[in-house]
Amino acid sequence: MTALPAQAQTNCDLSDGYGQTLVSYVDEVEACLAEATFDGDLETAIADHTNAVRNDKGEAALERRASLDAAARAHALDMAARNYAGHNDLEGRGHVYRMRAIDRQVLASATGANVVVLDAGADADTIFATIQSDEANRENLTRDRFNATGLGIAEGNGRIYVVQMLTTVDGELENPLPLALADATSFNPQINEGMFRTAGWNLSDEDGNRLAGGRLMRMNADSLERADAGYLDVLVELNADTYVLKGPMVSRQ
């Protein structure tokens, strides 16, 4: 599930990056993605190469997730527009931030990414060979726990900027979480593994300080009075162990 549609007055201007607040960030991402053109065939070819390598290693294929495509494309566009390369944007926001801002249902335990920059005109074989030339990238491609992926390829400055996201999606919220909370909001986590038991949730600020939480799956907008945005984590238990699944970010309306 992708993010909420951009508001009509939002324009794409990447000269200074995406918006600073969560709502303005998502609005501008949506506006930029709507204006841009992507080579879907090339992105699909990289995904197919990845799954072929995983098959050779006995690993399950990765599922393309539209929200991860959107996150990868947003970062590729920004790098092309501002002529830089890296896993974080120039404001310090990384792949997990993009996933949690754009995907309104995701519950994920792990996320990795491959980022490469090549001369414009490189074909899928050349792009994938470049990805594989790095040891950390090769390990990401065949990591057994990853089950979802997203691809984004943008062109600028005579180069192509390639972002490949790889994620362990362990479940989803039953319904998309609103980007901005106006009042109390209920949510229902659906966990993929039946052996896990949902134990509760936490809402934290960007520094990891707990803003709210509990066992009742109901979030109050007043919890965000001390923060611009909150990060939802869903806690699941298996025997005596507790695991944290990263969910969407939310803002106060």
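Reply: A salt bridge is taken here as a side-chain nitrogen of Lys or Arg within 4 Å of a carboxyl oxygen of Asp or Glu. The model is predicted: local features need pLDDT of at least 70 and side-chain atom pairs count only at pLDDT 80 or more, while totals for chains, interfaces and linings use all residues. Residues are numbered from 1 along each chain as its sequence is written, and side-chain values use heavy atoms, with hydrogens and water left out.

Me: How far apart are the closest N and O atoms in the salt bridge of Arg-252 with Asp-222?
Reply: Helices (H or I, at least four residues) and strands (E, at least two) are DSSP runs, numbered from the N terminus. Arg-252 lies in strand 12 and Asp-222 in the loop between strand 10 (218-219) and strand 11, so the pair ties together parts that are 30 residues apart in sequence. The closest N and O atoms of this salt bridge are separated by 3.2 Å.

Me: How many salt bridges does a search of the whole structure find, and which residues share partners in one network?
Reply: The search of the whole structure gives eleven salt bridges. Salt bridges that share partners make one network of Asp-78, Arg-82, Asp-89, Glu-91 and Arg-93.

Me: Which residue meets Asp-233 in a salt bridge?
Reply: The two side chains come to 2.9 Å, N to O, in the salt bridge of Asp-233 and Arg-100. The pair links distant parts of the chain, 133 residues apart: Asp-233 is in strand 11 (residues 229-238) and Arg-100 in helix 4 (residues 95-102). Both Asp-233 and Arg-100 are buried. The partner asked for is Arg-100.

Me: Which two helices does the salt bridge of Glu-43 and Arg-73 tie together?
Reply: The side chains of Glu-43 and Arg-73 meet at 2.6 Å, N to O. Glu-43, at 0% relative accessibility, is buried, whereas Arg-73, at 23%, is partly exposed. Glu-43 lies in helix 2 (residues 40-56) and Arg-73 in helix 3, so parts 30 residues apart in sequence are tied together, namely helix 2 and helix 3.

Me: What span should helix 3 have, and what is the distance between its end C-alpha atoms?
Reply: The expected span of a helix is 1.5 Å times one less than its number of residues. Helix 3 (residues 66-82) has 17 residues and should therefore span 24 Å; the distance between its end C-alpha atoms agrees, at 24 Å.

Me: How many of the residues of helix 3 are buried, and which residue just after it takes a positive phi?
Reply: Helix 3 is mostly covered, with 14 of its 17 residues buried. Just after this helix, a positive phi of about 55° is taken by Asn-83.

Me: Is Trp-201 buried or exposed?
Reply: Phe-187 has 7% relative accessibility and counts as buried. Trp-201 has 4% relative accessibility, so this residue too counts as buried.

Me: What is the angle between the planes of Phe-196 and Tyr-243?
Reply: Phe-196 lies in the loop between strand 7 and strand 8 and Tyr-243 in strand 12 (residues 241-252), so the pair ties together parts 47 residues apart in sequence. The rings are 5.6 Å centre to centre and edge-to-face, with an angle between the planes of 90°.

Me: What radius of gyration does the protein chain have?
Reply: The radius is taken over C-alpha atoms, and the globule rule is 2.2 Å times the number of residues to the power 0.38. For 253 residues a compact globule would have a value near 18 Å, and the protein chain agrees, with 18 Å.

Methods
Buried means under 20% relative accessible area, exposed over 50%, partly exposed in between (1.4 Å probe, protein chains only). Rings of Phe, Tyr and Trp (its six-membered ring) pair if their centres lie within 6.5 Å; planes under 30 degrees apart count as stacked, over 60 as edge-to-face and the rest as tilted.
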